[in-house]
Amino acid sequence: MTLRTKNDQDTACEANCGFEKLLMQVSALFVNLPLDSIDAVIEDTQKRICKYLDIDLSALWQWSDKDTHIMTLTHLYSPEEGPTRPIDIDACVSFPWVYGKMLERETLAISNDDLPEEASIDKTTRQGLGVVSSVVLPLATGDTPVLGVISFDLLSRRRFWTDYEVKRLKLVAEIFANVLVRKNAEKKLIESEARLSLAAESAGHGMWELDYQKGSFWATKQARKLFDYSPDENVTMDLFEQSIVDEDLEKVRAALTASLAENHKLQVEYRILDKKGRAKWIVSKGRPFYHADGTPSRMLGISVDISDRKQLEEALHQKLAEVEQLKQQIEQENLYLREDLQTEKGFEQIVGSSKQFKSVLASCKQVAPTAATVLLLGETGTGKGVMANAIHKMSDRKQQPFVTVNCAALPHNLIESELFGRDKGAFTGAHAAQAGRFQVANHGTLFLDEIGEMPLEMQAKLLRVLQDGEFERLGSPVTVKVDVRVIAATGRDLKKDVQDGRFREDLFYRLNVFPITIPSLRERIEDVLPLTQFFIEKYSRKMGKQIDKLPTKALNLLRAYAWPGNVRELQHLIERCAIITTGNSLCINKQLINIDCDSALDKKLKDIKTIEREHIVKVLHATDWKIEGANGAAAVLDLHPSTLRFRLKKLSIKRPV
């Protein structure tokens, strides 16, 4: 018997030590606890104590700020299957005996069967809530009024509460009371700071407070003056809404509802009408406050007359609208101007105003929006690459890649891998896979410069890509699909290469969908001046010089030259002249051109006559020397029959016997 008693004492001592340890942990948790974490920690502590002491339920009630008799349930631990608890209880009606004991700061360890006769109402209420045995403690600290009540309840059994348990639960109640006092004090401090902040913001403006429950406003003298309310007028929500312009009423209601529902600051601009029907612009700012149960209590705010600012904003908007209208008008005019310039000169990188060159630009403009293959023909240096780039920029593919391949610069044994790509190990030295130019240019444009230099064995593969849009990478059996617009260029006579077997006929016709012949510089000699001026400005700016004069003698030299290298040769000559020029007048002479201009001009004219004679003879042979009529040589050459006869005589062309 003695041994059992000693074991019981040891067990009780161990339990008490465990509970003391729990209380120390709880006390430590509340030290410097942030305001927004207090509620969660209180409920967690209720849960831990209930589980440790095998208690079913713990409820913490605080006196409501709406009515001193009302208890509001603010913190609860209850099993999931436990009974529900009302949010608000009138203590005088439901617990009059316990309510009196709590105001006297008494601690109660009670069971329903032990309650005195004067607690019959309390007993009935407890039975209705399913409570059998409880420890009920007032929440109080020092001389402050009682904040509320906390109870630890057993729902289905009676329990004898030891003095030790009651004292320790009383300690828990004191901890909670201290924390709640601090929480309420900090909350009031925040509200006080908010009042001071609003008061500072409202200097010279109207300050108000909305009682959400009553639906009425307290307003300062300045606020009443702002809304045209008399000093003794009862300002209700209805009166306030009647002051608002109808179009803005829903906006104000929505802003107020959202502020109260989501606990964020109110800010809304709206119009009101005074008693004389005059409109004002008002901005109202406010901050909501809530009861302990989370329901809206009131809102503090200020209102400011912003009519002057609104008038300035309206005037500014009108000015901005006028500026925007003028901007659109100028942009439209610039668009027309750019279109005119483009029709006359093409792109910014292209300079020339001759009739022949305008015809080329018009052709480029026609074909650019399509997906047709373009074949650019012309001598070296005429600007085939620049023209290809211009066509790409005018197309729907302008945001996609523009890839250039110089077929003459690629070794024959590498051209296939460069165009179509290769897999790793496709040949010796192919240490990594590589995408070909066609794949890189997918959805864009591929410019094949010097297409006439492409080897015959590659021409067949190129033809397949142009026709079917597919190919295989070198060393890979996988077919790759691409969508590429091809622009080809050459200075060779592809028709003659076809006849000589150096170029595939089928590929020629596939490339020759839309041929454009770019005239040589000697064929548009009137473009020498604008091109020269363009290059002078470019290189003088690049070299930091001020060259703004082109001597007439120098211009005559340039116009007399045959320009076998075309625009590229002119560009390099002007760069060379800009280097040696020391003043503001371009230095140029025959030695720099390094050719006899007169003989060059004679040679140029001789070449033109020879080409013209050969072309006319070829057409005459094709028409069986028929000059007039629908199928005559004059119609083919687009010449008047009399003009053709004159040229036959001038070029000494006679029909063979």
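Which residue just after H24 takes a positive phi? Ser-652 does, with a phi of about 60°. The model it belongs to is predicted.

**The chain as a whole**

The chain has 657 residues, and 41% of them count as buried. Its secondary structure comes to 24 helices and 20 strands. Among contacts with a separation of 6 or more, 63% join residues 24 or more positions apart.

The mean pLDDT is 82, and 89% of the residues reach 70 or more. Over residues 335-347, however, the pLDDT is below 50. That stretch has 16 contacts in the model beyond near neighbours in sequence. Residues 595-600 also stay under 50 in pLDDT. Here the model has six contacts beyond four places in sequence.

**Helix H24**

Helix H24 covers residues 641-650. Its buried residues are Pro-641, Leu-644 and Leu-648. Seen down the axis of H24, these residues fall within an arc of 60°, so they line one face of the helix. The other side of H24 carries exposed residues: Phe-646, Lys-649 and Lys-650. Ser-652, with its positive phi, comes just after this helix.

**Helix H20**

Helix H20 runs over residues 566-580.

The buried residues of H20 are Asn-566, Val-567, Leu-570, Leu-573, Ile-574, Cys-577 and Ala-578. Viewed down the axis of H20, they fall within an arc of 135°, so they line one face. The cover over these residues includes helix H18 (528-543), helix H19 (552-560) and H21.

**Two loop residues**

Thr-581 lies in the loop between H20 and helix H21 (590-593). Its side chain reaches the backbone nitrogen of Cys-587 at 3.0 Å. Not counting residues up to four places away in sequence, Thr-581 touches Lys-545, Ile-547, Leu-586 and Cys-587.

Ser-230 sits in another loop, between helix H7 (221-227) and helix H8 (237-243). Leaving aside neighbours within four places in sequence, Ser-230 is in contact with Arg-224 and Lys-275.

Is Thr-581 buried or exposed? Thr-581 is buried, with a relative accessible area of 2%. Ser-230 is partly exposed, at 24%.

| Residue | Relative accessible area | Class |
|---|---|---|
| Thr-581 | 2% | buried |
| Ser-230 | 24% | partly exposed |
| Cys-407 | 2% | buried |
| Cys-577 | 0% | buried |

**Cysteines**

A disulfide is a covalent bond between the sulfur atoms of two cysteines. How many disulfides does the count come to? The count comes to zero. The cut-off for a disulfide is a pair of sulfur atoms within 2.5 Å.

Cys-577 is one of the buried residues of H20, and its relative accessibility is 0%.

Key
Residues are numbered from 1 along each chain as its sequence is written. This is a predicted model: local features need pLDDT of at least 70, side-chain atom pairs count only at pLDDT 80 or more; totals for chains, interfaces and linings use all residues. Side-chain values use heavy atoms; hydrogens and water are left out. Helices (H or I, at least four residues) and strands (E, at least two) are DSSP runs, numbered from the N terminus. Buried means under 20% relative accessible area, exposed over 50%, partly exposed in between (1.4 Å probe, protein chains only). A polar contact is a pair of N or O atoms within 3.5 Å; within protein, one must be able to donate a hydrogen and the other to accept it, and residues adjacent in sequence count only if both atoms are side-chain atoms. Contact means heavy atoms within 4.5 Å. pLDDT is the predictor's confidence in each residue, from 0 to 100. The arc is that of the directions from the helix axis to the C-beta atoms.
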